[in-house]
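The sequence and structure come first.

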Amino acid sequence: MAEQPQFTMRRGTNLPAMGDFNQSVILDAIRRSRTGLSRVELASATGLSAQTISNICRRLLDRDFIVAAGKEISGPGKPRTILKINPDGRYALGVHLDPTVMTFVMLDLTGAVVARSRHATPTSTEPEVIIASLVSAITDLVSESGVRRDRIGGVGIAAPGPIDRVRGTVVDPPHLVGWHQVALRDALAEGTGFPAILDKDVTAAAVAEMWAGGPSGLGSFVFFYLGTGIGAGLVVKDEVVRGSSDNAGEIGHIVTDPDGPPCFCGLRGCVIVTCMPRSLVIEADQRGVFGGVPIGLDTVSIDERFTELCAAAAAGDEAATDILDRSAVRLSKAVSVVANLLDLDRVVFGGPFWSRLSGHYKRSIPALLEELRVARSIHRISVVGTGVGEDVAAIGAACLVLDRALTPNPKSLLLA
Ligand SMILES: [Zn+2]
């Protein structure tokens with residue numbers, strides 16, 4: 001018998017949890033203010049009493065999360081001390097495991113990248129080989145950064161889905177051969193000695209956009225990640241949508257062309273067989289864009305050929321332009337399904353293939369999308385490239401660690 005859905009019973013709060021929540025509220029207010037805030041401004045921004053603000057700020061100063069950054073004179077009375085986030089107070093590591101490339105970043109407490117590295121993912125079907133390589137790259141990044149280990153709050157991991165976030169396992173990622181129920185979170189925690197958090201790569205990308213993307217990370221948006229796979233990270237009214245098992249955002253089998261090529265799922269013309277670089281490269285080969293020179297189908301060759309295809313379109317090649325135009329039409333259909341379903345304000349594109357497509361897609365997708373949108377008469381939808389850059393998923397993974405420390409989460413008030 002199917003499991004009956006149950007309402008999660010809310011329970012009361014205890015005082016220590018309330019203290020942690022209030023501390024996150026204060027840190028969040030300070031973080032969001034570029035110029036810093038005084039204790040008086042914090043009281044008015046958060047609604048907390050002067051006594052609570054004073055106690056928590058003293059604790060945050062003692063723990064180096066915040067610093068006193070000058071005085072401000074406003075009217076009579078003694079000058080107010082301005083409080084800011086201490087960049088050096090804590091650091092967070094982020095890892096993005098992609099089937100082709102592994103990206104590593106270290107962020108300071110303001111979310112700025114202070115160290116980064118990138119390595120090719122070992123072409124092994126043994127998860128242990130890739131895990132050993134991840135651990136050694138993290139260890140190297142930490143030692144090269146010169147940051148004290150006790151200042152590092154943890155490592156966030158962005159991995160291809162599906163994942164089991166409770167167990168910290170990567171389940172059956174389609175492009176990582178030999179990976180089945182791999183306990184990646186615990187393996188990295190054990191290997192590096194830091195607490196670890198695991199999330200889906202596309203969700204991590206959406207979190208990065210919220211944290212570091214500027215205006216493109218506000219409100220309700222979908223992050224369309226164009227990488228080895230295609231996926232969507234969802235944010236509605238400034239909250240990440242993860243779904244009941246943290247695997248929301250699987251959009252690969254939205255049908256964009258009913259007469260398109262068959263997909264392994266049994267349908268025809270799914271977005272993963274009509275819009276991904278691999279399919280576009282094969283189409284370009286059939287239409288002579290590469291002058292009949294044989295193409296390889298490994299990830300490196302596809303990547304190189306895809307660069308050639310985009311360059312040919314930019315140089316005015318008719319077949320190449322037509323291939324990208326048609327892919328834009330199909331991708332817009334998939335985007336419109338998600339935008340209509342969740343009534344979004346914005347579509348953010350990113351991932352390793354975005355920069356090569358952005359010129360072409362930014363010209364065509366906004367108009368195509370406007371035609372397909374149900375709520376177009378009510379509000380406009382904008383189409384933008386990520387404000388975070390190519391390392392967005394790794395940065396998002398590190399933001400998960402900062403997010404845990406800095407963002408008020410009402411769920412933390414519920415008793416376990
Ligand atoms: Zn399919």
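Cys275 is buried in this predicted model, with a relative accessible area of 7%; buried means under 20% relative accessible area, exposed over 50% and partly exposed in between, using a 1.4 Å probe and protein chains only. Cys263 is buried as well.

| Cysteine | Relative accessible area |
|---|---|
| Cys263 | 7% |
| Cys275 | 7% |

A disulfide is taken as a pair of cysteine sulfur atoms within 2.5 Å, and by this rule the count is zero. Cys275 is in no disulfide, and its nearest cysteine sulfur, that of Cys270, is 10 Å away.

Residues are numbered from 1 along each chain as its sequence is written, and side-chain values use heavy atoms, without hydrogens and water. As the model is predicted, local features need pLDDT of at least 70 and side-chain atom pairs count only at pLDDT 80 or more, while totals for chains, interfaces and linings use all residues.

Helix H8 spans residues 277-286 and helix H9 residues 299-314; their axes come within 9 Å and cross at roughly 65 degrees. The crossing is left-handed. On the H8 side, Pro277, Arg278, Leu280, Val281 and Ala284 meet Ile302, Arg305, Phe306 and Leu309 of H9, where contact means heavy atoms within 4.5 Å. The residues of this contact comprise seven nonpolar, no polar and two charged.

The protein is divided into domain 1 (15-85), domain 2 (91-208 + 394-413) and domain 3 (215-387), with bounds from an automatic or database domain assignment. The C-alpha centres of domain 1 and domain 3 lie 43 Å apart.

Terms used. Axes are lines fitted to C-alpha atoms, for helices over the stretch in contact, and angles run from 0 to 180 degrees between N-to-C directions. Helices (H or I, at least four residues) and strands (E, at least two) are DSSP runs, numbered from the N terminus. A crossing is left-handed if the near helix is turned anticlockwise from the far one by less than a right angle, and right-handed if clockwise. Ala, Val, Leu, Ile, Met, Phe, Trp, Tyr, Cys and Pro count as nonpolar, Asp, Glu, Lys and Arg as charged, and the others, Gly among them, as polar.
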